[in-house]
Amino acid sequence: MVNPINKTIDLGDGRTITIETGKLAKQADGAVTVRMGNTMLLAAVTAAKDANPGVDFMPLQVEYKEKFSAYGRFPGGFTRREGKASDYEILTSRLVDRALRPLFPDNYHAEVFVNIILFSSDGNDMPDALAGLAASAALAVSDIPFNGPISEVRVARIDGRFILNPTFSELEKADIDIMVGATMDNIMMVEGEMSEVQEAEMLEAIKVAHEAIKVQCQVQLELSEACGKLAKREYDHEVNDDELRKDVRDKCYDKVYAVAVSGSSKHERSDAFKEIVEEYKTNFTEEELEEKSEMIGRYYHDVEKEAMRRAILDEGKRLDGRKTTEIRPIWCEVDFLPGPHGSAVFTRGETQSLTTLTLGTKADEKTVDDVLNHGKERFLLHYNFPPFSTGEAKASRGVGRREVGHGNLAHRALKRMIPADYPYVIRVVSDILESNGSSSMATVCAGTLALMDAGVKIKKPVSGIAMGLISENKGSKFAVLSDILGDEDHLGDMDFKVTGTKDGITATQMDIKVDGLSYEILEKALAQAKEGRMHILGKLTETIAEPREDLKPHAPRIESLTVGKEYIGAIIGPGGKIIQGIQEKTGAVISIEEVDGVGKIEVSGTNKETIDAAMRAIKAIVAVPEIGETYEGKISSVMPYGAFVEFMPGKDGLLHISEIDWKRLETVEQAGLKEGDVIHVKLVDIDPKTGKFKLSRRVLLPKPEGYEERPPRMERNDRGDRDDRNGQRNNRPPRR
């Protein structure tokens with residue numbers, strides 16, 4: 001007999017979230033289903049009973065997966081089954097991981113696996129907003145040690161109103177889109193994008209999210225109590241020696257502190273720290289080290305952390321000697337590489353990005369075929385982090401989750417600055433060549449420079465900065481650090497990245513590692529970040545103030561044209577004959593599709609002449625013939641009563657023999673005209689009943705002096721007709 005336990009969360013707008021446990025996946029340590037509308041997730045958590053030998057960190061792995069059957073779809077590809085994680089799944093996994101990871105006990109080192117699976121969706125509600133709640137609820141009904149619960153919600157601002165967990169369609173209209181993860185008391189994680197909003201507006205959105213999260217956390221506590229699983233499993237994953245801990249501190253702290261305040265470079269500092277611990281280890285025999293080496297490493301790490309924090313809080317001295325608000329030296333260069341359509345180098349201290357930009361046509365669009373997101377992407381940003389950028393001697397093994405996450409943050413920072421009607425597909429690639437501090441923010445800055453170097457008419461330049469926080473006694477004493485180093489990120493209490501233009505924030509990412517961080521501290525940190533952003537923005541605009549007037553000579557050229565949908569068939573032609581002919585004749589590449597009831601055409605080529613020729617051909621097809629206009633046409637056939645002239649693509653008119661010349665002609669050939677000749681004609685009339693075109697050549701010729709108009713002669717067999725599609729003419733026989 002199944003007796004599931006259910007709890008319901010009221011979102012306050014007629015929607016509810018239901019959490020259920022006890023029905024599915026009962027062999028997991030904890031499992032729940034979370035449902036909102038027709039969107040349903042299963043979260044299952046399992047943990048190893050013991051830690052693996054030598055592990056001194058939290059081996060947490062979060063996997064978010066979406067089943068194509070959830071939305072009634074077949075997966076693509078030959079195998080027709082789900083494959084490797086999509087970028088969306090990776091990003092959702094990272095959002096959950098970042099909120100959960102800090103809340104496991106520091107001395108808990110058993111492997112923990114969190115699996116979240118989307119099993120049902122109607123394509124309306126966004127499942128990533130429920131993933132954090134599902135993961136935390138599964139932990140809440142398990143015996144796995146966890147200092148939660150947490151939850152995550154998405155907040156969007158639409159027409160000035162904040163909406164919790166908006167739908168896909170609602171989100172398209174939002175000027176603020178952030179995901180917030182928090183406990184009942186503290187914000188743990190923030191990530192999102194904005195349309196140049198102010199710091200106070202972003203803080204307001206975070207507060208709205210936190211109020212909703214408090215309710216969701218309380219429901220999880222009630223669910224846990226109903227399951228009778230408040231007691232967590234016992235564990236012993238660390239061996240400690242208090243005497244050894246004290247000895248490491250007593251003999252190493254002063255030496256470490258001296259290095260921490262020396263203002264040395266990254267590698268000098270790293271070598272000096274390593275030398276201190278290696279010297280300390282010489283006090284032990286090999287047998288003793290075999291037993292104590294892991295503990296020494298752990299305690300020495302704590303000494304480094306304490307020394308760095310004390311140097312900042314007590315003396316205001318950072319590892320590289322800077323003041324807390326000081327930005328490292330910056331140098332930039334654009335047009336660095338001759339081959340790409342745009343390129344830039346951005347170097348800030350010991351962090352460097354070489355970024356390239358490629359412009360493409362519609363054929364270069366990225367096809368997205370995720371479970372709930374399928375369409376095209378025209379702005380791509382990719383981030384690469386090779387090991388040599390930090391001096392590591394190891395092979396690159398493809399793109400990892402970190403690269404996907406950092407690239408996504410930079411993408412969000414820049415994408416709203418690309419004009420919506422920009423005709424090119426854009427690919428920005430940031431290769432990190434040096435790293436000590438935020439390389440994702442270096443990517444944003446280098447990306448801005450590369451965009452402007454390529455001549456992309458971005459709305460405004462964007463800069464980014466990574467900030468840090470060192471605090472004690474729940475924020476009673478703290479220091480906000482601008483432009484943090486890698487070690488300051490690792491040893492600090494918060495790191496957050498903010499990007500924006502001169503007028504507001506475009507993207508942010510925060511990870512908070514301590515309890516009790518007040519909104520006042522966040523407000524001060526954001527204000528200091530704005531000062532840093534403006535400083536960096538000034539360095540960017542000193543290098544290149546605005547986008548170049550024109551593209552690079554070797555960049556593809558694209559022009560766009562909108563036509564009525566009734567012309568699409570005429571441009572393509574039967575079997576694609578017309579459009580293929582234009583491409584073959586001009587060398588241009590033409591794409592056409594119907595969008596919102598109109599035909600969208602893009603013409604690309606290697607030079608302006610190629611594009612102009614193709615555009616003329618297309619405009620001729622869609623142009624409406626006007627009486628009185630002169631056209632250059634080609635004689636398509638000759639008849640006894642005149643000639644048919646194709647004066648516009650697909651449009652033929654009759655040039656009657658009487659309209660060829662001022663003098664009287666008995667045959668068309670008397671005027672020296674034959675099939676295939678190109679002549680100028682004037683459209684003199686359009687038959688209102690049949691739509692047939694009447695052309696004249698003689699009106700374009702000088703009238704002979706003394707010419708007198710003669711009465712019209714009886715028309716000979718001039719009632720010919722022709723099929724516009726194949727050029728055949730059907731002539732009536734003369735009457736007997």
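## Cysteines

The sulfur of Cys227 sits 16 Å from the closest cysteine sulfur, in Cys217, which is too far for a bond. A disulfide here is a pair of cysteine sulfur atoms within 2.5 Å, and by that rule the count is zero. Cys217 is in no disulfide either, with the sulfur of Cys227 as its nearest cysteine sulfur, 16 Å away.

How buried or exposed are these two? Cys217 is buried because its relative accessibility is 0%, while Cys227 is partly exposed at 24%. The classes work like this: buried is under 20% relative accessible area, exposed is over 50%, and partly exposed is in between (1.4 Å probe, protein chains only).

## About the model

This is a predicted model, where local features need pLDDT of at least 70 and side-chain atom pairs count only at pLDDT 80 or more, while totals for chains, interfaces and linings use all residues. Residues are numbered from 1 along each chain as its sequence is written, and side-chain values use heavy atoms, with hydrogens and water left out.

## Salt bridges

Side chains of opposite charge can pair when their charged atoms come close. With a salt bridge taken as a side-chain nitrogen of Lys or Arg within 4 Å of a carboxyl oxygen of Asp or Glu, the count comes to 58. One of them pairs Lys415 with Glu193, with the closest N and O atoms 3.2 Å apart. Lys415 is in helix H8 (residues 401-415) and Glu193 in strand E10 (residues 187-197), so this pair ties together parts that are 222 residues apart in sequence. Helices (H or I, at least four residues) and strands (E, at least two) are DSSP runs, numbered from the N terminus. Glu193 is buried at 4% relative accessible area, whereas Lys415 is partly exposed at 31%. Both belong to a network of salt bridges whose members also include Arg98, Asp128, Arg154 and Asp511.

Two other pairs are Lys23 with Glu20, at 3.8 Å from N to O, and Lys317 with Glu315, at 3.8 Å from N to O. In the former, Lys23 is partly exposed at 43% and Glu20 is buried at 18%. In the latter, Lys317 is partly exposed at 37%, and so is Glu315, at 42%.

## Surface patches

Patches are built from residues with over 30% relative accessible area and no salt bridge, joining like charges within 9 Å and nonpolar side chains (Val, Leu, Ile, Met, Phe, Trp, Tyr) within 5 Å. Areas come from the Shrake-Rupley method with a 1.4 Å probe; for residues, only the protein chains shown count as cover. Lys and Arg count as positive, Asp and Glu as negative, and His and the chain ends are skipped. Each charge is placed at NZ of Lys, CZ of Arg, CG of Asp or CD of Glu.

Glu286, Glu287, Glu288, Glu290 and Glu291 form a negative patch on the surface. Glu286 is in helix H7 (residues 286-315) and is exposed at 67%. Val684, Val699 and Leu700 make a nonpolar surface patch of about 200 Å². Val699 is in the loop between strand E29 (693-696) and strand E30 (721-722), partly exposed at 41%.

Most residues other than glycine have a negative phi, and most peptide bonds are trans. Gly148 and Pro149 are joined by a cis peptide bond, with omega about 5°.

Asp483 has a positive phi near 55° and is buried at 2%. Asp596 also has a positive phi, about 55°, but is exposed at 78%.
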